[in-house]
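Dear colleague,

I am passing on the structure below, together with notes on what was found in it. Please read the notes with the model open beside them.

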Amino acid sequence: VLTERAGAVDRLEAQCRAWSPNIVGSRVRIAELDWRNFASSDAQRDRARMPDGGCFDVVLGADLVWSQETAVNFSLVLRAVILSGGRQNGPPPTVIYGHWNRSPKWHRFFLEQCAVQGIVATSL
């Protein structure tokens with residue numbers, strides 16, 4: 001579980017510990033990931049890394065795009081997550097993003113930013 005809020009890490013860890021016995025084969029980790037590291041200058045972005053062990057099978061996100069800044073930043077983070085790969089020698093992670101379409105403008109812009117990053121994003 002990734003969060004940009006350092007203060008949420010402890011609570012998320014406690015929740016995942018409580019839920020993990022109910023999820024067969026679960027290996028849940030919590031880490032902080034600041035989107036701004038991926039949206040900064042080219043040199044800083046090249047040094048931005050996923051947290052240790054940052055390989056993901058599935059990535060779920062919800063309601064993360066509501067402005068130009070979040071559309072650009074989220075597409076950059078998605079690129080980093082996808083490039084980090086899935087399990088060793090496995091396929092790249094599957095990304096599922098749910099979004100309340102409060103603004104068709106930002107939704108279109110987000111899809112355009114995904115294309116800029118080489119990500120094929122499809123609206124269902």
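Predicted model: local features only at pLDDT ≥ 70, side-chain atom pairs only at ≥ 80, totals over all residues.

Residues are numbered from 1 along each chain as its sequence is written, and side-chain values use heavy atoms, with hydrogens and water left out.

The chain holds five helices and four strands, where helices (H or I, at least four residues) and strands (E, at least two) are DSSP runs numbered from the N terminus. Read from the N terminus, the order of the elements is β-α-β-α-α-β-α-β-α. Of the 124 residues, 30% count as buried, that is, under 20% relative accessible area, with exposed meaning over 50% and partly exposed in between (1.4 Å probe, protein chains only). Among contacts (heavy atoms within 4.5 Å) with a separation of 6 or more, 67% join residues 24 or more positions apart.

Helix H4 covers residues 68–84, and its 17 residues reach 25 Å from the first C-alpha to the last, close to the 24 Å expected at 1.5 Å a residue; the expected span is 1.5 Å times one less than the number of residues. The buried residues of H4 include Thr-70, Ala-71, Phe-74, Ser-75 and Leu-78. Thr-70 counts as buried because its relative accessibility is 8%, and its side chain reaches the backbone nitrogen of Trp-66 at 2.9 Å, a polar contact (a pair of N or O atoms within 3.5 Å; within protein, one must be able to donate a hydrogen and the other to accept it, and residues adjacent in sequence count only if both atoms are side-chain atoms). Leaving aside neighbours within four places in sequence, Thr-70 is in contact with Trp-35, Leu-64 and Val-65.

In the loop between E3 and H4 sits Asp-63, which has a positive phi of about 50° although it is not a glycine. Most residues other than glycine have a negative phi. Asp-63 is partly exposed at a relative accessible area of 29%. Arg-102, in the loop between strand E4 (94–98) and H5, touches Asp-63, Val-65 and Trp-66, not counting residues up to four places away in sequence. The C-alpha atoms of Arg-102 and Trp-66 are separated by 7.6 Å, although these residues are 36 apart along the chain.

Two further points concern other parts of the chain. Asp-10, in helix H1 (residues 9–19), is exposed, with a relative accessible area of 60%, and its C-alpha atom is separated by 8.6 Å from that of Ile-30, 20 residues apart along the chain. Val-58 is found in strand E3 (residues 58–62) and counts as partly exposed, at 49% relative accessibility.
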